[in-house]
Amino acid sequence: AYPESGLSIGDCVSVDSEFEADLGTLRDGKFINIADCDFVDTDNYQAKVCPFSSQAGLPRVTSNSVNRCCTESSGAMIENMEGAGFFQTCLNHGVNFMEIRVISNIVGSAINPQVSENLYQTIVKLINDLSKNEH
């Protein structure tokens with residue numbers, strides 16, 4: 001989670017949208033952000049939005065998918081390394097999806113591996129809630 005998000009280590013969240021925050025290229029050994037590349041229409045470059053909502057009562061957040069830690073938040077609440085690819089694949093194939101994440105660290109600090117139990121408990125509750133809604 002970004003420090004200004006108000007989220008804490010161990011919180012479980014549902015991701016509403018993913019932005020490819022540091023998508024770009026290398027030129028002369030330096031990273032060039034996609035917004036500064038001349039091969040992308042940045043006016044139409046938007047975050048990928050999840051068309052489904054979580055039924056688990058989780059906080060809903062925006063996320064930056066990044067290649068490197070500590071990318072500027074630009075309003076996102078969390079960062080991860082694979083969410084935008086997951087969103088795009090599901091959207092391309094018309095697959096229903098949700099992205100649920102547990103906050104393992106504050107951006108720039110070490111990961112806390114003990115938080116996986118929170119994610120497990122949240123997923124069990126979500127599956128139980130979803131199965132009740134199908135009957």
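Modeller: Start with the term pocket. On a 1 Å grid over the protein atoms alone, a pocket is an open set of points with protein on both sides within 12 Å along at least five of seven lines. A residue lines it if one of its atoms lies within 4 Å of a point. Volume is the space filled by probe spheres set on the points, which are joined across faces, edges and corners.

Colleague: How much space lies in the largest pocket here?

Modeller: About 400 Å³. This is a predicted model: local features need pLDDT of at least 70, side-chain atom pairs count only at pLDDT 80 or more, and totals for chains, interfaces and linings use all residues. Residues are numbered from 1 along each chain as its sequence is written, and side-chain values use heavy atoms, with hydrogens and water left out.

Colleague: Which residues lie nearest the centre of the largest pocket?

Modeller: E79, N80, S104, N105 and I111, out of 21 lining residues. The lining has 12 nonpolar, five polar and four charged residues. Nonpolar covers Ala, Val, Leu, Ile, Met, Phe, Trp, Tyr, Cys and Pro; charged covers Asp, Glu, Lys and Arg; the others, Gly among them, are polar. β6 (78-80) and β7 each supply at least two lining residues.

Colleague: How do I read the strands?

Modeller: Strands are DSSP runs of E, at least two residues; helices are runs of H or I, at least four; both are numbered from the N terminus. Two strands pair if DSSP finds at least two bridges between them.

Colleague: Which way does β5 run against β1, parallel or antiparallel?

Modeller: Parallel, with six bridges joining β1 to β5 (residues 60-65). V15 has V61 as its bridge partner there. β7 (residues 100-102) is antiparallel to β1, over three bridges; S14 partners I100. β4 (residues 48-49) also pairs with β1 in the antiparallel sense, over two bridges. There, S17 stands opposite V49.

Colleague: Is β1 mostly covered or exposed?

Modeller: Buried means under 20% relative accessible area, exposed over 50%, partly exposed in between (1.4 Å probe, protein chains only). β1 (residues 12-20) is mostly covered, with seven of its nine residues buried.

Colleague: How many aromatic pairs does the structure hold?

Modeller: Three. Rings of Phe, Tyr and Trp (its six-membered ring) pair if their centres lie within 6.5 Å; planes under 30 degrees apart are stacked, over 60 edge-to-face, the rest tilted. F86 and F97 are edge-to-face, 5.4 Å centre to centre, with 85 degrees between the planes. F86 lies in helix α1 (residues 83-93) and F97 in the loop between α1 and β7, so the pair ties together parts 11 residues apart in sequence. F86 is partly exposed, at 34%; F97 is buried, at 7%.

Key. On a 1 Å grid over the protein atoms alone, a cavity is a set of points where a 1.4 Å probe fits but cannot get out, and a pocket is an open set with protein on both sides within 12 Å along at least five of seven lines; lining residues have an atom within 4 Å of a point.
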